[in-house]
Amino acid sequence: MARFALSTAATALLLASRSIASSTPHLLHRQAAGATGNSANSSSPYLEEISDFLDAASDELWKVNRAIHENPELGYKEYKAHDLLTYFLEGRDGWNVTRSTHGIETAFAAVFKGSGDGPVVSFNAEYDALQNLGHACGHNLIATVGLGGAIAAAEVMRAHKLPGTIILFGTPAEESLGGKVKMLEAGVFRDHKIDVSLMAHPTVGGGDSPYALTQSTDRLDLEYYGKPAHAAAAPYQGVNAQDALVLAYSALSMLRQQSLATDMVHGVITSGGTSINVIPDKSKASFQIRSASDTDLKPWTERLLKCFEAGALATGAELNLTMRPYGYSNHRTNEVLAKSYARHFASLSSNETLPDPDLDKLRAPGGSTDQGNISWEFPSIHPFFGIYNEDGSMPSGAPHTAPFEVAAGSKRAHNKAIQTAKSLAGIAVDVLTVDGMLKEIKVEFERTVKTQSRQRGVRATLTA
Ligand SMILES: [Zn+2]
Ligand SMILES: [Zn+2]
């Protein structure tokens with residue numbers, strides 16, 4: 001049972017989830033008994049079956065989606081989402097659910113075993129929200145895609161007695177706190193011997209793409225310590241910590257002009273002093289640094305460190321800089337998985353198309369995700385799916401804005417999430433059933449590991 005009191009509405013949703021949990025398998029058995037369903041333009045003999053299953057499950061998944069959207073929880077505090085999703089899966093035949101897996105309180109692993117050994121295909125569900133913005137990154141939709149994709153793939157396994165394993169991981173704290181990095185370090189994915197990792201993320205309408213081109217990132221906190229003094233009577237006796245920070249901020253602002261477009265720094269000054277008539281003896285700020293890759297992040301970080309040191313050098317203030325743990329690597333999309341996704345997307349979509357892949361891959365990277373770290377350890381895909389407002393208009397803001405939060409809560413966005421879940425389930429069943437596909441995925445993975453370098457040693461140097 002839930003470890004804390006849920007609202008009446010959430011409890012009702014849990015009960016509703018329990019009802020679908022036990023009712024939907026029969027639906028699929030009935031459909032599967034009739035035909036494997038391969039329409040003329042289908043990309044897989046199983047896609048129609050997946051599609052029918054998720055269409056039937058959509059109303060119940062909508063309740064789960066709404067419950068998460070209406071109860072936004074910050075990273076590592078997603079207790080309601082964790083309990084809702086695990087409760088849902090515990091009620092379904094064949095699912096073995098481990099709550100708070102590997103000691104990470106709001107992470108979970110839900111495993112469905114087929115009829116014998118075979119590929120291990122995993123899905124990730126994110127469900128953390130943003131401070132003061134709710135689900136403005138649409139992680140309620142990511143949870144819906146992960147849950148829907150995993151149960152649909154599992155039902156195909158059940159109906160056709162396919163060998164292999166489907167796993168849904170609950171991956172908390174994607175926004176800045178590196179839940180998946182922590183799970184990697186704890187051995188969650190290794191212990192389950194996953195072969196591939198699947199998830200998808202919403203973006204503004206029209207942004208559909210199988211390729212997540214994201215940046216490597218690190219985060220840091222800094223403090224300057226000066227010396228207080230009377231601001232008028234004896235300012236010469238003081239060391240101005242606020243000046244140190246302003247100077248550093250000015251330096252890095254100028255540096256931006258001499259940087260690559262993919263080298264970024266952004267942050268907030270959180271404290272500059274407390275009294276207007278006292279020379280500030282303490283100032284604080286936090287910054288996030290991004291580059292196209294881990295390799296590029298290192299020299300960019302070193303240039304920025306000089307700006308922070310300049311503030312200290314010029315004012316005499318002491319600098320205390322702390323790099324946060326759990327930096328994110330850029331995401332590498334497995335080409336074989338991307339092609340499978342594109343095929344299913346084309347089969348399912350009547351009015352949307354994906355961009356030409358060769359042009360699509362030339363996009364500049366933007367944003368960061370801890371799925372990037374997974375992508376360097378296991379073959380991964382993290383497509384973006386475009387969402388619209390309920391009335392069909394484009395959200396007037398990108399992820400991390402209030403308008404996107406509204407769009408992410410719409411039924412229209414839910415329907416797109418269901419369509420995306422169908423494509424991911426299609427990939428999963430391809431991996432389970434297409435001869436040689438897993439081998440091809442692994443060859444592609446090894447090839448890109450060899451041709452792309454990854455050096456994430458910079459943090460160790462900085463904290464020494
Ligand atoms: Zn976000
Ligand atoms: Zn996000």
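Biologist: In this predicted model, which residues of H14 do Glu-335, Val-336 and Leu-337 in H9 meet?
Modeller: The H9 side of this contact consists of Glu-335, Val-336 and Leu-337. By class, the contact of H9 with H14 has four nonpolar, no polar and three charged residues. On the H14 side, the residues met are Met-437, Glu-440, Ile-441 and Glu-444.

Biologist: Is H9 oblique or roughly parallel to H14?
Modeller: H9 and helix H14 (residues 437–451) pack with their axes 8 Å apart, at an angle of about 130 degrees. Angles under 35 degrees would count as roughly parallel and those over 145 as roughly antiparallel, while 65 to 115 is roughly perpendicular. The angle of about 130 degrees therefore makes H9 and H14 oblique.

Biologist: What is the handedness of the crossing of H9 and H13?
Modeller: Helix H9 (residues 335–348) packs against helix H13 (residues 411–433) at about 130 degrees, the axes being 9 Å apart. The contact includes Tyr-341 and Phe-345 of H9, and Ile-427 and Asp-430 of H13. Its residues divide into five nonpolar, five polar and two charged. The crossing is right-handed.

Biologist: How far apart are the end C-alpha atoms of helix H8?
Modeller: H8 covers residues 294–315, which is 22 residues.

Biologist: Which residue follows H8?
Modeller: Among the buried residues of H8 are Trp-300, Phe-308 and Thr-315. The residue after the helix has a positive phi, near 85 degrees. That residue is Gly-316.

Conventions: Residues numbered from 1 in each chain as written. Chains lettered and ligands numbered in written order. Predicted model: local features only at pLDDT ≥ 70, side-chain atom pairs only at ≥ 80, totals over all residues. Helix = DSSP H or I, 4+ residues; strand = E, 2+ residues; numbered from the N terminus. Expected span 1.5 Å × (residues − 1). Buried ≥ 20, exposed ≤ 12 C-beta atoms within 10 Å, placed from the backbone. Axes fitted to C-alpha atoms, helices over the stretch in contact; angles between N-to-C directions. Left-handed = near helix turned anticlockwise from the far one by under 90°. Contact = placed C-beta atoms within 7 Å. Nonpolar A, V, L, I, M, F, W, Y, C, P; charged D, E, K, R; others polar.
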